[in-house]
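I opened my notebook to look up a few things in this structure. Here is what I wrote down as I went.

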Amino acid sequence: MKETLLSLKNVSKAFDGKTVLDSLDLDILDGEFITLLGPSGCGKTTLLRLIAGFEQPDIGSVILSGHDITHAAPEHRPLNTVFQNYALFPHMSVYDNVAYGLKMEKRPKDEIRQRVDEVLAMVQLQEFASRKPHQLSGGQQQRVAIARAVVKRPQLLLLDEPLSALDYKLRRTMQAELKRLQRELGITFVFVTHDQEEALSMSDRVVVLKDGEVQQLGTPREIYERPANLFTARFVGEANLFPGYLASVDESAITLDILSLRRTLQKPTFAVRKGEQVNVLLRPEDIRVLAPEDEQGLAGKIVERNYKGSTLDSVIHLEDGTEVLASEFFDEDDPAFDYRLGEAVRVSWVDGWEWLLPVELEPVNEEAEGLATDA
Amino acid sequence: MSRWLPKTYLTLVYVLLYLPILVLVVFSFNNSRTGYRWGGLSLQWYESLFNNHAMVQAMWNSLWLALSAATVSTIIGALTALALHRYRFRGKRMLRGMLFVVMMSPEIVLAISLLALFLLVGLQLGFVSLLLAHVTFCLPFVVITVMARLSGFDESLPEAARDLGASDFTMTRTVLIPVIMPALLAGWLLGFTLSLDDVVVSTFVSGPSYEILPLRIYSMVRVGLKPEVNALGTLLLIFSLTMLMLSQWILTRSKR
Amino acid sequence: MHRVLQQPFKTAVLVLVWGWLLLLVLIPNLLVVGASVMTRDPGTFLSLPLNLDSYRQLFDPLYLDVFLNSLYMAGMTTFFCLLIGYPFAWALSGLGKQRQTLLIFLLIVPFWTNSLVRTYALKLLLATNGLINNALMAVGLIDEPLKMLYTEGAVIIGLVYLLLPFMILPLYSVFEDLRQELLMASHDLGAGKLSTFLHVTVPLTLPGVLAGVMLVLLPAMGLFFVADILGGARNLLVGNVIKNQFLDARDWPFGAAASILLTVAMAVLLFAHRLSQRRLGEEAQT
């Protein structure tokens, strides 16, 4: 069991009367790669700035290894930040940028030189030490920003959407690079992003935030496969949400009517009663598209087909008007695989892969994906 | 502390900046002869100002000169800015550099060089020499103002116009000129004010045939105090303020 | 030739602009250079032979004194403008956008007001029986009026008063461009307020400082009317010397040489400014 490195206790913050963080509690474990994920305006950047010390909470406290640092100035916190646009000092060379933090600690010259060289080697920028930031590419600037922060050996590294300015390919490379660095250094990473794919692929744990409140905290797998609520289910990945009616409930199992199919499932963690309605979450890759003559599943027809390289994504309209997203792995040898637009098919899914969520009252303006229940 | 200290400081500087102007305005209504003591309200200095025939003549001369200089420099400056913005040509960097140097060089250097030129070619010092000089020092300011406007506008507009069949000249007239209109007005007002305010260059290139206001004021304030100057200064202040507000209004309105 | 005919508009504009600049900037300046190496002539202003006497005359103790004193006053003017302007621009850039616009407007209002009139207004305040002396005597701080007008100090005050906006505007623009993120990064890396100011704020605002110095220092040597109105006969600027040589003493070669002195000073400052900008990577694209 890892120890808690930093905890936020009952933290609230408002700007001009508008609540950005609302009584938030969060424990960050030593050595983990944790990601704050959420749409813009969810409070993730504010949370990061609170930890870094650029903002102070209105109420609540920030505890780092047992010390209350709620009101400590940024320069007195043993943690460092990689800024969104890197914030490299334009008048200093790469070397001077990286050495800046150590000079502020008044380290001896030899030590500074040694440590800067070491960290520049780690990010493969030794030959660029004497360049100015504007002479570097975006990816290189990004590495300098990381080097500058980790050279101080912080207990915690905060990364504020550090990859958002890079193009897709470079982004993928830097994601791998960051993972490698985190493993090598053993430093706790707190990573902020609005890109769910990035969050899932990089993190040990993900914090899903919305309107200043934690929606869910868990491993990427938990978040994706067992979302705590509708918001998380929809925000992370694509989702089919079907209404399910409880036909019977007993000790450990329930019977559920999902779109005219009857299934028997394990009882969910939340309380259910016979006759009630629940949301059934099925990811597009859980869906199977079958030939029209197949006996299982529900009849429908293909209305969209998108070739995605490794997968083939379809939108299928069922006879009752329900829209279903399906994502299948491409199999060239399967002759039945290639359906045309408008072609009749049947739709089923892998038994037991359903994930149940309670029905929530939703704000009317929120656009429903798949088919949400009428609340 | 960190909140009110900057504000207090800013306020203090503004007070110092405006104090002399305020004093000037207040004393323009002073009824006292000595100039330093308050002797009650009066409009006598305004009266004596308008009764001063030479002064009124100088005022008209200055106004006419500023109008002409602003107009000529706006036309040439706008054309220059357009050329710099749109065309590639040899010596472009040099042209820019030269305009920059004209703007930065001390007025007095420009003044004596023009004086040397006018005397060499035998030009009578008067309206023409003043106009040429004023246009020259206003020019870079107009170019800068118009360039700033041009740099903020969509590059594809001229191309779209050409694509739709407009000739180079027609495109300039129908697309570019309307776009830079606010900058033209702002540049014109700037040129007008610079011309009206100029002492240094005018001292060198004006002759007795054409006396302008700044030189008239200069000769009055060199020695002692002349209360008429308070009245004149107040009028000029109101005039400049109106012009400035006009130009700000034009610029902000065009941003919408 | 073919291309010229294709673009008559472009050709016409370029001929007009180049013509104007050659005729009214380049040639006149060459004339000044020429005049500086000729000999003084009471009748025709200038005559042969060519010589460097006028430059030698610049180092005549009499004039050298005036120049050094003018440089001193210009230096003090620049120093005070920077001293007042730097915190001013800093404080200004920290305010809300709307208030900034208003305050900048208020800053340039005086700039649009006749500078002679403003210089004259200072006289009302500084004179022996002027407002400041009257006020100080009224509250009993002094018994005798202070001599403020017709001193070196009065000239410096006048120059600061006229030139302050020219220092503030370029400073304001660099403070505007100074990204808050960089200051935050500095704090994040362990630097306190003072270290951040010295290592980040100062170097990044240096081009603005140099631009401001350039816009203040040169005019502060040339604005002869300020010295005339506030400084009396003894506190002369380089501008006064040039003016006297051209309009009164009729020693053109010497006046021309003095003016070239100013041009050289400008060239040095322009060079320093470019250098500082290049160090920052010419408006670093980020």
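These are my entries, starting with the ground rules.

**Ground rules.** I am working with a predicted model, where local features need pLDDT of at least 70, side-chain atom pairs count only at pLDDT 80 or more, and totals for chains, interfaces and linings use all residues. Residues are numbered from 1 along each chain as its sequence is written, while chains are lettered from A and ligands numbered from 1 in the order in which they are written.

**Phi in chain A.** I looked up A:Asn10 and found a positive phi near 50° in this non-glycine residue. A:Asn10 sits in strand 1 (residues 4–15) of chain A; strands are DSSP runs of E, at least two residues, and helices runs of H or I, at least four, numbered from the N terminus. A:Asn10 is exposed, having 12 other C-beta atoms within 10 Å (exposed means 12 or fewer, buried 20 or more, partly exposed in between, with C-beta atoms placed from the backbone).

I then turned to A:Glu161, also not a glycine, whose phi is positive at about 40°. I found A:Glu161 in the loop between strand 7 (156–160) and helix 5 (168–185) of chain A. A:Glu161 is buried, because 21 C-beta neighbours lie inside 10 Å.

**Chains C and B.** I noted 66 residues of chain C in contact with 60 of chain B (contact means C-beta atoms, placed from the backbone, within 7 Å). On the chain C side, helix 2 (residues 8–36) gives the most, with 16 residues.

How values were computed. Contact = placed C-beta atoms within 7 Å.
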